[in-house]
Amino acid sequence: MPAAHTAPTPAHPTRSAPARLLPGMGLCILVTAVAYLLEAIEVDLVGRPWLEALVFAILLGVAVRSVWTPPSALRAGIEFSAKTLLEIAVVLLGASVSVRALLAIGPELIAGIAVVVVVAIAASYVISRALGLPQRMAILVACGNSICGNSAIAAVAPVIGANGEDIASSIAFTAVLGVIVVLVLPLFVPLLQMSLTQYGVLAGLTVYAVPQVLAATLPIGALSNQVGTVVKLVRVLMLGPVVLLMSLVASKLRNETDAPVPQAAAGVHAKPARPALHKLVPWFIIGFLVVAGVRTAGWIPEPVLHPTAVVANLLTTVSMAALGLGVDIRVVAKAGPRVTAAVTLSLIVLGAISFGLIHLIGVA
């Protein structure tokens, strides 16, 4: 007697990729919208954004995550926002980089800025490791402190495979110190008897974000503002070479996990192999360099540059909201005192190196 034929059980319909991503992305966008609202309220109250929407986004994400764990239906969209959107933002940042900005301040100061960035990264990394910070967090603090704060941390994080806790701690404490620098730095003009040009160079080399440079220099004078902005832009240009170099030397770090490595059978040795290019240099770094080259060649229309920068900033902010939603607040709180000490000491070293450069090359 032939076996009875049973009708196949209908499979559950598989959700498409957009359907899986949209709920989590929607949550990240909602957090981002609240962050921009808080920034607008801050500007309305005090006249300028001491804390940017990017910082509010990650702090809000952490706050939400501390009282509520997003369900599994939201995780795919949150992970996509934290990783892929951030990588796209890094590519778009290439449109804000132009070699022409280098020509405005002369080769001697350009070389000095490069030396300051390199020495500050090395010193900050050593300080961070000496204070017991994990290697990835030490790299984030070093790059954020030495180049351009939040943007550098966001750009370097995917290159070295940093997790949400590392990024949240680095950005949160760097942002707070950045505001303090803006408030305190003008006091050094009378204390050190600095000229407007000297102060502009000092501000451009030590203040984290371009808007903060404006806030630190405009009360002192227009010349300080102009010099500080140009020096800061050249310092930002160091982000490309640093991230590229980091992607080359940190490929092993990027691929490391906390899982134990299985032991090889006796007598069996892994065959050495040349790593593929995409393992050495992530796709978004190549994209960053391509876009920067296109910008330098003048092939990106001027009206497109500002909207591109806005989109890059928006995507970065959404990514920070996503990272915050994946952060365990207990880990951030535990790392707080050490990160604060690392950022503070690194900032003091950066200021000392910058002040030394001003006198070494004879800035009048």
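Reader: What makes the crossing of α2 and α16 right-handed?

Author: In this predicted model, the crossing of α2 and α16 is right-handed because a crossing gets that name if the near helix is turned clockwise from the far one by less than a right angle.

Reader: Why are α2 and α16 called roughly parallel?

Author: The axes of α2 (residues 53-67) and α16 (residues 302-325) cross at roughly 25°. Angles under 35 degrees count as roughly parallel, so α2 and α16 are roughly parallel to each other. Their axes come within 6 Å.

Reader: Which residues of α2 meet α16?

Author: On the α2 side they are A53, L54, A57, I58, G61, V62, V64 and R65, and they meet T316, T317, M320, A321, G324 and L325 in α16. By class, this contact has nine nonpolar, four polar and one charged residue.

Reader: Why is α1 called oblique to α2?

Author: The axes of α1 (residues 17-46) and α2 cross at roughly 130° and come within 8 Å. Roughly perpendicular covers 65 to 115 degrees and roughly antiparallel needs over 145, so α1 is oblique to α2. This crossing is right-handed.

Reader: What residues does α1 bring to its contact with α2?

Author: V31, V34, A35, Y36, L38, E39 and E42 in α1 meet α2 residues A53, F56, A57, L60 and G61. The contact divides into nine nonpolar, one polar and two charged residues.

Reader: How many helices and strands does the chain have?

Author: There are 17 helices and zero strands.

Reader: What makes a residue count as buried, and what share of the chain is buried?

Author: Buried means under 20% relative accessible area. Buried residues make up 46% of the 364 residues in the chain.

Notes:
Residues are numbered from 1 along each chain as its sequence is written. This is a predicted model: local features need pLDDT of at least 70, side-chain atom pairs count only at pLDDT 80 or more; totals for chains, interfaces and linings use all residues. Side-chain values use heavy atoms; hydrogens and water are left out. Helices (H or I, at least four residues) and strands (E, at least two) are DSSP runs, numbered from the N terminus. Buried means under 20% relative accessible area, exposed over 50%, partly exposed in between (1.4 Å probe, protein chains only). Axes are lines fitted to C-alpha atoms, for helices over the stretch in contact, and angles run from 0 to 180 degrees between N-to-C directions. Contact means heavy atoms within 4.5 Å. Ala, Val, Leu, Ile, Met, Phe, Trp, Tyr, Cys and Pro count as nonpolar, Asp, Glu, Lys and Arg as charged, and the others, Gly among them, as polar.
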